[in-house]
Amino acid sequence: MRRICAVTGGRADYYLMRNLLKGIEAAELELSVIATGSHLSPAHGMTVDAVAEDFPDVHRIDLQLDGDTPSDVTKTTGRAMIAFADALETIRPDILLVLGDRYEIFAAVTAALIAGIPVAHLHGGETTEGAADEAFRHSITKMSHLHFTAAEDYRRRVIQLGEDPARVFNVGGMGAAAISRMKLMEREELEKSLGFGLGDKYIVVTFHPVTLDSTPEEEQLGQLLRALDRFDGKIIFTGANADAGGTVINRMLAEYVANSGGRAAAFDSLGMQRYLSAVRHAYAVVGNSSSGLAEAPSLKTPTINIGCRQAGRLRAQSVIDCEPAAESILAAFKKIDTPEFQKILTETVNPYGEGDNTAKIVEILANFPLKDIIIKKFHDIGGLK
């Protein structure tokens with residue numbers, strides 16, 4: 001029986017991978033799940049508990065996220081490599097399955113490469129020019145042996161990086177697949193679950209650190225909060241991730257909520273069902289999270305994408321890009337209400353695909369030949385030898 005070990009570093013990648021992991025578990029495959037990173041951080045909601053509800057035997061690698069300065073993150077990455085070296089020596093999987101571009105995933109894949117364990121990578125080939133995730137993602141691609149991309153453009157980019165086309169599969173986005181299988185909450189049920197009245201209209205706001213931008217996080221977020229002062233509705237904030245600068249963002253959000261007179265609420269983690277349900281009923285998704293580009297279009301919800309963090313990603317027509325400046329953000333709100341944009345919204349198509357891709361990925365993981373898969377030749381384009 002082929003052994004698959006999946007690594008999840010936080011709430012976002014787990015909720016995207018969950019259906020796939022359930023599919024692997026149901027197939028003739030032996031599944032191990034490792035939870036690490038922000039999953040084990042109280043400041044980020046201790047979301048390992050949600051993983052354990054689905055997979056009680058989950059392996060836990062606590063990276064002791066005590067800070068989020070660049071030095072802290074670098075030291076955490078080093079600790080992660082040591083921990084994953086030990087874990088993979090114990091589990092001895094046939095394939096390591098990972099998603100995305102986080103530093104803890106980079107550490108896991110580095111350990112697997114040195115141990116000679118094949119890696120299957122989800123969501124490679126994408127670009128986020130405003131974040132260090134860009135370099136981590138492409139590095140993970142070069143250390144991986146099977147590739148599952150979210151769009152044909154991304155499949156071509158992975159091949160452009162020198163990967164064998166026979167090992168690169170365009171399966172569509174994991175978020176769109178999750179939406180296709182999930183029963184979302186009605187508005188009243190969502191309000192009750194949140195313990196927060198949603199009013200006539202509300203927005204969902206997620207703002208992550210922009211690790212490669214020279215403008216400080218607090219300055220960019222300050223511009224967003226000034227714009228939100230003039231928004232005539234309720235606000236749901238979800239917490240920033242564990243990148244360098246996330247603590248500053250979460251502190252500013254907490255202060256804003258405390259002074260909002262009940263107009264805003266903040267949550268460390270909503271969970272996939274509540275988050276997607278909140279997006280479905282929202283007036284707009286606002287911030288710089290990839291979910292505004294990858295999931296919101298499937299729910300016909302407008303996205304106001306702020307700044308350069310997601311620069312380079314494919315985006316639907318329902319995404320409005322704006323500068324991290326209050327007036328630019330307010331102009332994006334005004335655009336949403338125009339008849340022209342409302343028409344676009346009804347016709348929008350998610351470039352990351354629609355429908356469930358779980359069965360296709362499981363079939364490849366179960367049957368792709370592993371003999372000599374570790375040996376990779378660089379696939380040159382344009383006749384180079």
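## Two parallel sheets

Two strands count as paired when DSSP finds at least two bridges between them. Strand S8 (residues 202-206) and strand S9 (residues 234-238) meet that cut-off with five bridges, in the parallel sense. Within this pair, Thr-206 sits across from Thr-238 of S9. Please keep in mind as you look around that this is a predicted model.

S8 and S9 belong to an open sheet of six strands, ordered S10-S9-S8-S11-S12-S13 and paired in parallel. Strand S10 (264-267) and strand S13 (319-322) each have a single partner strand, so one side of each has no neighbour in the sheet. On average, neighbouring strands here are turned by 20° against each other, direction ignored.

## The seven-stranded sheet

There is also an open sheet of seven strands, with parallel pairing and the order S3-S2-S1-S4-S5-S6-S7. Its edges are strand S3 (59-60) and strand S7 (168-170), each of which pairs on one side only. Helix H6 (residues 152-160) packs on this sheet, where it touches strand S6 (146-149) and S7. The direction of H6 makes about 170° with that of S7.

Why is strand S1 described as largely enclosed by the rest of the structure? Six of the seven residues of S1 (residues 2-8) are buried, so the strand has the rest of the structure around it for the most part. Seven bridges connect S1 with strand S2 (residues 29-35), and the two run parallel. Thr-8 faces Ala-35 of S2 in this pairing. To get from S1 to S2 the chain passes through helix H1 (residues 11-26), making a right-handed β-α-β crossover.

S1 also pairs with strand S4 (residues 95-99), in the parallel sense and over three bridges. Here Ile-4 has Ile-95 of S4 as its bridge partner. S4 in turn pairs with strand S5 (residues 119-122) through four bridges, again in the parallel sense, and Leu-97 stands opposite Ala-120 in S5.

## Salt bridges across the chain

The whole structure holds 17 salt bridges. One of them joins Asp-101 and Arg-137, with N and O 2.6 Å apart. Asp-101 is in the loop between S4 and helix H4 (103-115) while Arg-137 is in helix H5 (residues 133-142), so this pair ties together parts 36 residues apart in sequence. Both Asp-101 and Arg-137 are buried. A salt-bridge network links Asp-101, Glu-134 and Arg-137.

Arg-313 and Glu-126 form another salt bridge, at 2.1 Å from N to O. This one links distant parts of the chain, 187 residues apart: Arg-313 lies in the loop between S12 and S13, and Glu-126 in the loop between S5 and H5. Arg-313 and Glu-126 are both buried.

Lys-376 and Glu-163 make a salt bridge too, their closest N and O atoms being 2.8 Å apart. The two are 213 residues apart, with Lys-376 in the segment after helix H15 (358-367) and Glu-163 in the loop between H6 and S7. Lys-376 is partly exposed at 28% relative accessibility, whereas Glu-163 is buried at 3%.

Beyond its neighbours within four places in sequence, Glu-295 contacts Leu-16, Gly-175, Ile-179 and Leu-276.

Technical notes. Residues numbered from 1 in each chain as written. Predicted model: local features only at pLDDT ≥ 70, side-chain atom pairs only at ≥ 80, totals over all residues. Heavy atoms only, no water. Contact = heavy atoms within 4.5 Å. Buried < 20%, exposed > 50% of the residue type's maximum accessible area, 1.4 Å probe, protein only. Right-handed = clockwise from strand over helix to strand, strands pointing away. Axes fitted to C-alpha atoms, helices over the stretch in contact; angles between N-to-C directions. Salt bridge = Lys/Arg side-chain N within 4 Å of Asp/Glu carboxyl O.
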